[in-house]
Amino acid sequence: MKHVGNCFCGAVTIEVTGEPAAMGYCHCRSCRSWSGGPVNAFSLWKPEAVRITGGAQHVETFVKTPLSQRKYCKKCGGHLMTNHPPLDLIDVFAATIPTLAFAPGVHVNYSETVLPMRDGLPKLKDFPAEFGGSGEMVME
């Protein structure tokens, strides 16, 4: 399966292939600030499944912490993806891939939520233990 997406102005084209490693929602302050919304819908992919297929010269990277390399279009400011080198995963904004059937499986960093979501999905205080978090659940 292949999905194609673009930045806001269309100058940058990205392609993801296969299936995402995970999909869900992040509630951390950093993702909220970067996305401009009360929650960020993520789709995590192995690096080899994500390619910039057009407009690479327009891609800029912002690095706030060693955990995240946030990529965006320098023409329009449209956010594209966040590379997480320590996790060996790339978070491609779910909204950037319009043909991806978004099927969230988890909430991460729910202890920081500003938008409680009562959807029956597991809600983790921070990250899963396999990603360096506590793996602790938060009650709805």
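Two strands are said to pair if DSSP finds at least two bridges between them, and strands (E, at least two residues) as well as helices (H or I, at least four) are DSSP runs numbered from the N terminus. The exercises below use a predicted model, in which local features need pLDDT of at least 70 and side-chain atom pairs count only at pLDDT 80 or more, while totals for chains, interfaces and linings use all residues. Residues are numbered from 1 along each chain as its sequence is written, and side-chain values use heavy atoms, with hydrogens and water left out.

**Exercise 1.** Determine which strands pair with E4, and whether E4 is enclosed or open.

Solution. Begin with strand E3 (residues 22–26), which pairs with E4 in the antiparallel sense over five bridges; in this pairing Cys26 stands opposite Asn40 of E4. Next take E9, which runs antiparallel to E4 and is joined to it by four bridges, with Phe42 standing opposite Phe93 of E9. Finally, consider accessibility, where buried means under 20% relative accessible area, exposed over 50%, and partly exposed in between (1.4 Å probe, protein chains only). Five of the six residues of E4 (residues 40–45) are buried, and therefore the strand is largely enclosed by the rest of the structure.

**Exercise 2.** Locate Asp88 and Asn109, which have positive phi without being glycine, and state whether each is buried or partly exposed.

Solution. Asp88 has a phi of about 60° and is found in the loop between strand E8 (79–84) and strand E9 (89–93). With a relative accessibility of 38%, Asp88 counts as partly exposed. Asn109, whose phi is near 55°, is placed in the segment after strand E10 (106–108). At 5% relative accessibility, Asn109 counts as buried.

**Exercise 3.** Describe the surroundings of Lys123, stating whether this lysine is buried or exposed.

Solution. Lys123 lies in the segment after E10, and its relative accessibility of 1% makes it count as buried. A polar contact is a pair of N or O atoms within 3.5 Å, where within protein one must be able to donate a hydrogen and the other to accept it, and residues adjacent in sequence count only if both atoms are side-chain atoms. A polar atom of the Lys123 side chain lies 3.0 Å from the backbone oxygen of Leu121. If contact means heavy atoms within 4.5 Å, and neighbours within four places in sequence are left aside, Lys123 is in contact with His107, Tyr110, Met117, Glu136, Met137, Val138 and Glu140.
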